Amino acid sequence: MTEYILELKNMTKRFSGVEVLHEVSFSLRPGEVHALLGENGAGKSTLVKVMTGVHQPDKGEIHLDGKRVSFSDTRESRQAGIAAIYQELSLFPDLDVAENIFVGRQPVTTGGRIDWRKLYADAGKLLESLGVHLDLKHKARSLSIAQQQMVEIARAFSINARILIMDEPTSSLTLNEVADLFRLVRRLREEGTAIVFISHRLEELFELADRVTIMRDGSYVDTRSISDVTRDDLIRLMVGRTITDLFPKQDVKAGEVVLKVENLARAGTFHDVSFELQRGEILGMAGLVGAGRTNVARAIFGVEPATAGSIQIEGRQVAITSPQQAIRLGLAYVPEDRQLHGLIPAMPITSNISLPTLFKYAKHGWLQDKTERKAAYGAALQMEVRANNMWQLTRELSGGNQQKIVLSKWLSTNPRILILDEPTRGIDVGTKAAVHALMSKLAAEGMAILMISSELPEILGMSDRVLVMREGHITGHFSRAEATQEKIISAATQAVTLGSAQ
Amino acid sequence: MQNSTSATPPVRSYLSNLVWTLVRFREAGISIFILLLMFVVTLRAPSFLTTDNFNDILLNISILVIVALAQTMVIITHGIDLSVSSMIGLVAMMVAFVVKQNPEMPVIFAVLLGMALGSVLGSFNGLIITRGNVPPIIATLGTLSIYRGLVFFYSQGTWINSFELPDNFKMLSKGTPLGLPNMVIIAVLVALVVYYFLNHTRTGRDIYAVGTNPDAAPFAGIRKDRIIFLVYLLSGILAGLAAVLWVSRFESAQTNTASGFELQTVAASVVGGVSISGGVGTVPGVLLGALLLGIIQNSLTLIRISPFWQLAAQGLLILIAVISDKWILTRVERTNK
Amino acid sequence: MISSSSASDTKSVSLISENAPKSSFLSRFLRWEWMLVGLIFIVVIVNTQLTPYFLDARNLSRTSSDFMEIGLMMLPMVFIIITGNIDLSVASNMGMSASFMGLLHNMGVNIWVAAAAALLLGTLGGMLNGYLISRVKLPALVVTLGTYAFYRGLAYGFLGDQAARGYPEAFTYFGQGKVFQTLVPFSVALFLFMAVIFGLVLHRTSFGRYLFSIGNNENATNYSGVPVAKIKFIIYTLSGFMASLAGLVLAARFGSTRPDNGTGLELAVITAAVLGGVDINGGKGSMLGAGLSLLLIGLMRFGMGLMNIQGQVQGIAIGLLLILSILIPSMVRSLSSAGKNINWRSAFSAFLFLLVFVLFFVFFFWSRAAVIANI
């Protein structure tokens with residue numbers, strides 16, 4: 001009998017010759033919440049995939065309940081009682097809630113006929129016992145992200161998972177939803193389930209976790225009890241060095257108003273949004289996910305145009321109906337989802353950077369390859385992109401480098417107004433600092449920056465002014481001096497009691 | 001402890017109910033449209049509303065129903081089977097040859113033979129799609145040509161005529177021991193079986209799962225490749241059944257038998273609410289879609305519109321169906337946000 | 001979905017270099033085209049062994065002309081498939097335009113006016129597709145399936161069971177005539193001319209780059225300020241135009257028009273494109289490859305024709321070629337990555353399937369033998 005329910009010993013995994021995991025060991029006790037911490041690229045996701053059988057290790061052993069096991073696919077790990085919930089949820093959008101919980105394992109009567117009555121009854125009982133209220137017949141497609149996560153957890157619960165792995169579960173949740181999630185997780189812990197919790201939000205770890213394992217660059221660094229570490233300890237262990245200044249903000253005197261938005265609205269999405277943006281300032285937009293900030297950005301950029309209200313660029317009233325037009329007006333938008341909206345993953349770096357400005361390198365439509373590449377190279381070099389060469393496909397790069405490519409793409413359009421949507425999501429601390437430094441430099445040079453962010457430290461550290469949105473409306477407006485975490489959260493969650501959240 | 005998932009505003013559940021009705025709306029919508037159409041046609045041609053005519057319509061769509069149901073299962077998995085017409089053609093010719101040479105053979109053997117031959121053709125499709133990673137549209141485009149070419153190669157250009165076929169075989173489709181023609185009964189049986197399969201068995205539900213989120217299916221323990229292989233296999237089997245009925249009904253097997261039929265199967269499915277991106281589709285919807293197609297075909301003849309406009313009407317119907325689908329969807333999404 | 005981990009930023013990867021990677025880039029690009037060249041070579045060798053008529057210039061000239069309709073429609077099809085879409089209505093559009101011209105001609109309208117009207121109609125047909133796909137945002141497969149039926153239906157509606165005949169010689173030159181005194185048919189010259197233009201646009205202009213970009217990631221391309229909807233509208237309109245042009249060439253070649261002209265030709269067009277290396281999922285392809293595959297298919301059909309193999313039976317070879325062109329590379333890839341581990345269960349099931357197919361063909365030949373013998 002061993003005290004550990006799961007043990008990984010000397011896990012090594014290589015992808016195309018590059019060692020992504022190097023002799024990593026990990027041990028999990030039943031009934032504990034064990035956090036897995038590390039920068040992007042540290043190997044957390046790969047370790048989890050080895051645990052669930054998605055990848056097979058090149059070297060190393062897995063022990064479950066003291067016995068050696070190996071999983072060749074996720075079915076086997078599932079059967080062994082290991083369930084995983086990823087950021088990309090694996091629900092079935094066209095099936096309803098109850099079916100999603102029991103997909104592949106619907107209760108049957110004799111003869112193989114599905115027992116629908118039992119399925120709905122069991123699903124109902126399960127959700128009720130978890131304190132989740134959902135209409136069982138709703139298709140998963142129509143649920144919010146938080147609700148979808150609840151269904152996933154219910155599913156894990158129903159297969160009596162003894163080990164539950166959660167990969168960045170809170171990145172899209174409101175504070176209230178996070179509280180609900182934590183409640184469920186604690187409940188599972190009480191029942192003896194072991195939970196592996198991956199998150200880069202240190203506050204969450206301190207609230208929920210029992211122990212934390214830190215990884216760095218594919219290697220194991222340390223495992224500590226949460227009560228024995230401080231925030232700085234964790235950052236130091238994660239990064240291997242101290243980050244002196246994550247938010248290098250310069251003081252810039254704001255210039256004239258370049259962007260003025262009045263009573264902007266889009267039916268069913270946001271209403272009555274008004275604000276001004278001046279040259280040289282960084283306007284932070286805070287709020288919970290789903291508050292409508294990205295929708296406002298998309299309206300200003302012409303992707304999903306507004307249906308009411310006005311936009312003025314440098315004093316002139318304009319109706320922006322396409323990104324093409326927005327770019328011509330001097331706008332640039334770095335989207336929230338890099339893979340989906342920011343990059344062309346299967347094309348080389350050059351093509352990615354030059355895409356919005358391709359006409360510059362086309363004499364009467366005829367492409368001038370060399371000129372294009374030179375310009376793109378210059379932009380990439382300035383951003384200190386780390387890659388093999390300009391022909392490399394962007395999908396092969398790390399998150400931080402990908403973000404640099406997206407930024408250099410947009411900066412080469414010479415925008416006067418830069419909209420950044422979650423600019424440092426999913427990138428390592430080192431690149432984060434670099435991006436912030438870049439923002440400061442650009443602002444000092446006169447760029448007007450609208451920064452949408454769900455990371456309060458980032459909002460507080462980088463903004464000259466802060467706007468807060470909630471359910472499609474602006475609910476708060478603070479200057480840098482006035483803004484505090486409490487005020488922002490209060491405005492972001494207005495009319496909803498905080499309860500156990502903070 | 002207060003209501004936890006207060007993130008669900010009351011507005012959302014009302015709208016979700018609306019969506020629910022609108023999804024049902026599809027079948028209700030087609031039904032209403034059918035009734036209207038029937039009303040209009042009867043005004044112009046009273047002979048429409050007779051039992052003989054309805055018999056005719058049912059006969060005409062029986063084969064379509066069988067193959068459209070198979071096509072539906074394929075489309076639900078986000079695939080398509082363009083080769084059904086050629087599968088029917090090839091099996092029809094082969095079965096006709098065998099029946100001609102062995103007129104004493106019990107008819108049931110012919111049926112089983114047809115289904116067996118169809119299963120081979122369908123499994124070839126399934127194999128190259130699942131193991132060969134050939135996209136369904138390419139794979140079935142290829143087999144559409146290959147199987148049709150095999151018909152020519154097999155028959156060397158000849159065909160089987162009515163007098164070369166035994167009577168009991170011809171009665172397979174037309175005989176009415178139970179009041180309705182056999183073929184209609186067979187179609188009804190197939191519909192019932194497919195309905196049961198899709199709604200009350202795990203494998204049937206797996207088909208929907210694979211269609212709506214193929215990447216997540218393995219995580220739920222579903223063998224995606226097996227499911228996809230299965231739907232193409234079933235497509236072949238049902239095409240084989242349809243082939244036997246085709247020969248029986250039209251009392252002939254020609255080199256161009258069933259040519260172009262695949263379009264009708266896709267039309268019936270799409271009109272019946274099956275989504276081309278997978279995961280959505282019901283048996284009643286497809287039945288109604290086939291019925292609509294049959295009524296249109298029938299009424300155009302009754303109103304003396306040249307049969308040459310049939311094809312145009314079918315095409316227009318497909319366009320109308322998808323446009324209205326999209327319209328409903330955008331309406332719903334806009335109010336849901 | 002979830003991307004696999006990649007190397008961390010700060011460690012092993014250095015600052016980006018301006019230099020191109022070593023020649024691997026070149027060999028990767030041309031590999032598919034070389035395969036096609038090899039196949040063409042094989043086809044030529046085999047056929048010249050079988051018959052002396054194969055490399056006869058006059059025969060080739062006469063044959064190649066009937067392939068140019070497919071070629072003309074293939075050019076915009078390459079554009080469309082690269083953007084990740086499809087157009088199933090091309091052959092129907094072709095038939096509709098030709099029938100319209102035939103109808104007008106039968107009614108006494110001047111042939112050139114009728115031809116212009118046909119071109120207009122075909123282009124409008126393409127525009128309808130373009131509008132529904134780019135503005136209304138309907139899936140291309142279903143829309144063009146609908147117009148595939150609708151336009152063919154219109155073709156039948158225009159001409160019914162008549163045919164249109166008696167086109168003036170000035171017109172039929174475009175289908176039957178040769179360029180100056182050479183043996184090169186006019187239609188071939190037309191095709192080559194258009195092919196060069198389309199190829200240059202695809203590979204050397206920003207418009208072409210946009211097509212690849214859209215096929216790879218339409219959303220990101222839209223966000224980058226590329227007018228995606230307008231581009232999609234243009235390529236479908238172009239497809240309609242080329243289809244009607246092909247219709248005119250066909251009518252000129254036959255000297256008459258029937259409403260069922262070109263039925264099923266869309267499959268040949270798509271086959272030529274996909275066989276030419278254009279990835280059906282979008283984002284990849286080359287005009288050179290498409291052209292080579294057209295040549296390959298044309299030579300194969302020509303050779304089979306000389307051996308008196310019927311058109312429909314030729315379809316077996318073409319269909320097989322289409323499937324194998326995707327199947328074989330895929331199998332090679334999976335076999336090489338599986339390495340030395342032989343999965344006994346899948347080997348067994350492979351054997352089983354092989355057995356089933358062999359039995360099928362045994363039955364095939366046995367069951368037809370008796371009937372054929374009696375003819």
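Trainee: What should I know before I start clicking on residues?

Mentor: Residues are numbered from 1 along each chain as its sequence is written, while chains are lettered from A and ligands numbered from 1 in the order in which they are written. This is a predicted model, where local features need pLDDT of at least 70, side-chain atom pairs count only at pLDDT 80 or more, and totals for chains, interfaces and linings use all residues.

Trainee: Let's begin with sheets. What holds the strands of a sheet together?

Mentor: Strands of a sheet pair through backbone hydrogen bonds, either parallel or antiparallel. Here, helices (H or I, at least four residues) and strands (E, at least two) are DSSP runs, numbered from the N terminus. Two strands pair if DSSP finds at least two bridges between them. In chain A, an open sheet of four strands has the order S12-S11-S14-S15, with antiparallel pairing.

Trainee: Which strands of chain A stand at the edges there?

Mentor: Strand S12 (270-278) and strand S15 (316-318) of chain A do; each has a single partner strand, so one side of each is left without a neighbour in the sheet. Neighbouring strands of this sheet are turned by 20 degrees against each other on average, direction ignored. Angles run from 0 to 180 degrees between N-to-C directions, and axes are lines fitted to C-alpha atoms, for helices over the stretch in contact. Look at strand S11 (residues 257-266) of chain A too: six bridges tie S11(A) to S12(A) in the antiparallel sense. Val261(A), for instance, sits opposite Phe275(A) in S12(A).

Trainee: How many strands are in the sheet that includes S13 of chain A?

Mentor: Six, forming an open sheet in the order S16-S19-S20-S13-S21-S22 (chain A), with mixed pairing. Strand S16 (331-334) and strand S22 (473-479) of chain A are the edge strands, each pairing on one side only. For a parallel example, take strand S13 (residues 282-287) and strand S20 (residues 448-452) of chain A, joined by four bridges. Gly284(A) stands opposite Met451(A) in S20(A). Helix H15 (residues 429-444) of chain A packs on this sheet, touching S13, S19 and S20 of chain A, and its direction makes about 150 degrees with that of S20(A). "Touching" rests on contact: two residues are in contact if their C-beta atoms, placed from the backbone, lie within 7 Å.

Trainee: And hairpins? Which residue takes a positive phi in the hairpin of S4(A) and S5(A)?

Mentor: Asp65(A), with a phi near 55 degrees; that hairpin has two residues between the strands. Strand S4 (residues 59-64) of chain A runs antiparallel to strand S5 (residues 67-69) of chain A over three bridges, and His63(A) stands opposite Arg68(A) in S5(A). S4(A) also joins strand S1 (residues 6-15) of chain A through five antiparallel bridges, where Leu6(A) has Leu64(A) as its bridge partner.

Trainee: What about handedness?

Mentor: A crossing is left-handed if the near helix is turned anticlockwise from the far one by less than a right angle, and right-handed if clockwise. The crossing of H4(C) and H5(C) is right-handed. By class, their contact has 12 nonpolar, six polar and no charged residues. Ala, Val, Leu, Ile, Met, Phe, Trp, Tyr, Cys and Pro count as nonpolar, Asp, Glu, Lys and Arg as charged, and the others, Gly among them, as polar.

Trainee: Last one: how many residues of chain B are in contact with chain C?

Mentor: 49, meeting 49 residues of chain C. H5(B) gives the most to that side of chain B, with 15 residues. The residues on that side divide into 32 nonpolar, 13 polar and four charged.
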